Amino acid sequence: MNKSISNVDAHSVMFITPRPELVMVEGKGSWLTDNNGKRYLDFLQGWAVNCLGHCNPGMIAALNAQAKKLINPSPAFYNEPMIHLSNLLTENSCFDKVFFANSGAEANEGALKLARKWGQLNKSGAFEIITFDHSFHGRTLATMSASGKPGWDTMFAPQVPGFPKADLNDLESVKKLVTDKTVAVMLEPVQGEGGVIPVTKEFMQSLRQFTKENNILLIVDEVQAGCGRTGTLFAYQHYGIEPDIMTLGKGIGGGVPLAALMATEAVACFVPGDQGGTYNGNPLTTAVGISVIEQLLAPGFLESVRTKGQLLSEELLSISQEFHLEGERGEGLLRALMLSKDIGPNLVELARDRNPEGLLINSPRPNLLRFMPALNVSEDEIRQMCNILRDLLKQVI
Ligand SMILES: *Cc1c(COP(=O)(O)O)cnc(C)c1O
């Protein structure tokens, strides 16, 4: 039981971030187990990736069946799961066309390219894409340039040009940046890494109206907020608007590397040679995507996400009152608890290291905690998480 963990020898794994001396070996639903047999209640789920929890039976069945049938015929051919999943996504959204990618960053790169292409064809080469302070769109050079994370403008200088930054929920700040070179505005309906900051209905609607009037595309990055996370299949559906382009990642694969770039018919203007990728639309990951989306669309599922989001919200609010914190915010099962001090990173460590069972949460900013459990988390698990949090706060505050 108490096997030493200091014998984790990971010297050949490239260092990119400090990791605890643990090796995760198994997962089921909302629970992860490490190499010492310790269990963790997982409210991270691989950064909102495992929308159906660890090792979901439907996903496993889809993966197994497809692995026996066809893994990769090459992206030069259609395959059955690619077509089926494209249809599922277009039938349940305002978009007409889908390109599958392998990561959120890659889907966003595709969105940026598609917008620039559209600008070449329709707007005399307009290429500037207005993005927002504190936004996060990925870790390729262009998506880092599009992101509004402090410090990222100089990290791998020079940046890819053409991404002026506006302030979220402030239409005037967008208008000020518009020139005849502006081709699109891109935003997350809920800024995830920025600290779970939802776009207001008023801003989204006025932004849609403004972009339409000015022949500017609206791109929503739903890599984190899409696929049921906020309680509707897609987050833009809360706003009564229709964007021109949307990207999906994380939840769409439920844990396998799958992402998607979606566009309306009028905007899907790639010609041969513009876009591609060795693994795009491969049947192995798209077969899993079908299982994920079908489970999200099952009767009552999204409603249950909204109910559980409401429960988590109420619980966090009562914790906030008990400990005199600064409230909570979010949409559906993407929520944050605002702390009164910079105790987030400390709480994350205490939660993970507690015994006998750990809790996995995250602190994208030191003064808040973020929660992104599996969408099929139980109400009991939500209450259990909140009670652990109360114990930890008693120690820290
Ligand atoms: C995680 C994330 C990305 C990047 O996705 P990767 O799969 O890590 O490349 C892009 N946009 C948003 C909003 C995200 O949360």
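Predicted model: local features only at pLDDT ≥ 70, side-chain atom pairs only at ≥ 80, totals over all residues.
Next I looked up the partners of S2. Strand S1 (residues 24–28) pairs with S2 in the antiparallel sense over 4 bridges, and Lys28 has Trp31 as its bridge partner in S2. I then checked the hairpin of S1 and S2, where 2 residues sit between the strands and Gly29 takes a positive phi near 60 degrees.

On to strand S3 (residues 39–42), which runs antiparallel to S2 and is joined to S2 by 3 bridges. Here Trp31 turns up again, standing opposite Leu41 in S3. The hairpin of S2 and S3 has 4 residues between the strands, and in it Gly37 takes a positive phi near 85 degrees.

I moved along to strand S7 (residues 182–187). How many of its 6 residues are buried? I found that 6 of 6 are, so to speak a mostly covered strand. Strand S5 (residues 128–132) runs parallel to S7, with 3 bridges joining the two; Glu128 has Thr182 as its bridge partner in S7. Strand S10 (residues 217–221) also runs parallel to S7, joined by 4 bridges, and I noted Ala184 opposite Leu217 in S10.

Then I followed the chain to His137, which is in the loop between S5 and helix H5 (141–146). Is His137 buried or exposed? His137 counts as buried because its relative accessibility is 2%, and the cut-off for buried is under 20%. Leaving aside neighbours within four places in sequence, I listed its contacts, among them Ala105, Asn108, Met186, Glu188 and Asp221.

Which atoms of the ligand come 2.8 Å from Gly104 and Asp221? For Gly104, an oxygen atom of the ligand is 2.8 Å from a polar backbone atom. For Asp221, a nitrogen atom of the ligand is 2.8 Å from an N or O atom in the side chain. My last entry is on cover: taken alone the ligand exposes 390 Å², and the protein buries 82% of that.

Definitions and conventions. Residues numbered from 1 in each chain as written. Heavy atoms only, no water. Buried < 20%, exposed > 50% of the residue type's maximum accessible area, 1.4 Å probe, protein only. Pairing = 2+ DSSP bridges. Contact = heavy atoms within 4.5 Å. Polar contact = N/O pair within 3.5 Å; in protein donor to acceptor, adjacent residues only side chain to side chain. Areas by Shrake-Rupley, 256 points an atom, 1.4 Å probe, with all protein chains shown as cover.
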